[in-house]
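Work through the following exercises with the model open in a viewer.

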Amino acid sequence: MSKSLNRHLDNLLNDAVKMLNHYQIDLIEEWRLMLQSLKNTRKKSAAVFEFISGFLVKSFQLINDETVDIYLMLDKLQDDWYAHFGRRPEPEALIFHLNLLENAAHKVLKSRIESSSKLHPSVHYLFSKIGEVMLFQSEKENCSIWKDAVILFNEWIIRSQNFQESVENISFGFGYFLPFERCALFKFTNKESVGVGLFGHHLNTEEIQAIAEKISNIPVLNESLVKLKSQGHEMKNFQPIYIPLAEKALPEKYVKKFQLTSLIIVPIYVPEEGKIIGGVVLDKGPENQFTVDTSLFPALMKFGQSSGELLSKFIEADIKKPELPEGDVISLSPREIEIIKLLADGASTAEAALKLYLSEFTVRDYISNIMKRLNAQNRTEVAVKAIRMGIIQ
């Protein structure tokens, strides 16, 4: 059975290589554009991308219709790397570039094949295998450790049956399978302008859910998002952000309330769409200062990707609110949803009335009714609950 499984997995790798070879003209062009962007923005980093993409292009040109000796190809990649750079690759940098290469491959396949989503696993497996081989012998133990953490995390969150279960499982998984004490999960909304609290692990979830903060009030995060928006779809770098001293980077009210010192912000993202949908804040407990361990970054990036792919499945759905009576699902009219969106954007009653061509009294009646139906105490809570329940984005 093990030999049969090995053959099957080898066939998946072969299928991925042959498929990319079939569309190599489009793929080479996509990689060329990406390399040019890297050279313009990350000159030192571009050498890694150029080497790997160049090797793959040469390999594709040698492929015929026969079975490809994948492992011979990967061994040669490993040997050529060491001969060219004279050093081992840095895991976090390697994963970043392989993600770029893989995302470009998916873009090409989507433009050429109607059901390309079904081809995602074999292509993903190929680039994962490349990463595994390129982490040389002395790095294999560390590689195995973070890969084990990713496997455990994925097996944990995959059990989620709905949005609420997914946010709970993701929050627990980040705190349990990684060396951190506390975890807070946030969703970004209004085109990434506001962070809304969803859940907390070893934190008071109600306090986390009460947070709806403008990203512009968190400069280090805002700068990262601005850079992401300026990059092309496939060029986005979803790397974690390490903050050594929270008091210099976050609003004072949160630093004091949660006794924050050092922390890491991990993007929750969907790489195939080039979209960031939220973030996770991690620390090692109240007033605990720690230095960053970059060897954790590969695992953090994979956790963020898995979380994004899971949440994106539920994020558009109507979500039941736990405190509502069993079976009671919120259903709002298009006009009510318009008003909630305006409230979420910070519009006053007068401004909402002006934009919707309604009287202020009518808008107030709408807001009052919405507050009752969402069991909200004020307009801010209306917006926060509507975002959390998936009523608005």
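Predicted model: local features only at pLDDT ≥ 70, side-chain atom pairs only at ≥ 80, totals over all residues.

**Exercise 1. The largest pocket**

Solution. Residues are numbered from 1 along each chain as its sequence is written, and side-chain values use heavy atoms, with hydrogens and water left out.

Step 1. On a 1 Å grid over the protein atoms alone, a pocket is an open set of points with protein on both sides within 12 Å along at least five of seven lines, a cavity is a set where a 1.4 Å probe fits but cannot get out, and lining residues have an atom within 4 Å of a point. A volume is the space filled by probe spheres set on the points, which are joined across faces, edges and corners.

Step 2. Take the volume: about 810 Å³ for the largest pocket. Its lining has 28 residues, and H124, S128, V150, N154 and K302 are the closest to the centre.

Step 3. Assign the elements, where helices (H or I, at least four residues) and strands (E, at least two) are DSSP runs numbered from the N terminus. Helix 5 (91-112), helix 6 (120-134), helix 7 (140-157) and helix 12 each give two or more residues to this lining. Helix 6 has the largest share, eight residues.

Step 4. Sort by type. Ala, Val, Leu, Ile, Met, Phe, Trp, Tyr, Cys and Pro count as nonpolar, Asp, Glu, Lys and Arg as charged, and the others, Gly among them, as polar.

**Exercise 2. S306**

Find where S306 lies and which side chain it joins in a polar contact.

Solution. Step 1. S306 belongs to helix 12, residues 297-314.

Step 1. Classify its accessibility: buried is under 20% relative accessible area, exposed over 50%, and partly exposed in between (1.4 Å probe, protein chains only). S306 has 12% relative accessibility and therefore counts as buried.

Step 2. List its contacts (heavy atoms within 4.5 Å). With neighbours within four places in sequence left aside, S306 is in contact with F153, N154 and I157.

Step 3. Look for a polar contact, a pair of N or O atoms within 3.5 Å; within protein, one must be able to donate a hydrogen and the other to accept it, and residues adjacent in sequence count only if both atoms are side-chain atoms. The side chains of S306 and N154 are joined by one of 2.7 Å.

**Exercise 3. Two aromatic pairs**

Decide which kind of pair F51 forms with W81, and which kind F172 forms with Y176.

Solution. Step 1. Rings of Phe, Tyr and Trp (its six-membered ring) pair if their centres lie within 6.5 Å; planes under 30 degrees apart count as stacked, over 60 as edge-to-face and the rest as tilted. The whole structure has twelve aromatic pairs.

Step 1. The ring centres of F51 and W81 are 5.5 Å apart and the planes stand at 80 degrees, so this pair is edge-to-face. F51 is in helix 3 (residues 43-61) and W81 in helix 4 (residues 70-85), so the pair ties together parts 30 residues apart in sequence. Both count as buried: F51 at 15% relative accessibility and W81 at 1%.

Step 2. For F172 and Y176, the centres are 4.9 Å apart with planes at 20 degrees, so the pair is stacked. Both lie in helix 8 (residues 163-177), four residues apart, about one turn of the helix. F172 is partly exposed at 27%, whereas Y176 is exposed at 55%. W156, F172, Y176 and F177 form one aromatic cluster.

**Exercise 4. The largest cavity**

Which element gives the largest share of the lining of the largest cavity?

Solution. Step 1. There are three cavities of 30 Å³ or more, and the largest holds about 380 Å³ of space.

Step 1. Its lining has 23 residues, with F186, I211, I218, L250 and V281 nearest the centre. Strand 1 (182-189), helix 11 (252-258) and strand 6 (275-283) each give two or more residues.

Step 2. Strand 6 has the largest share, five residues. By type, the lining of the largest cavity has 18 nonpolar, two polar and three charged residues.
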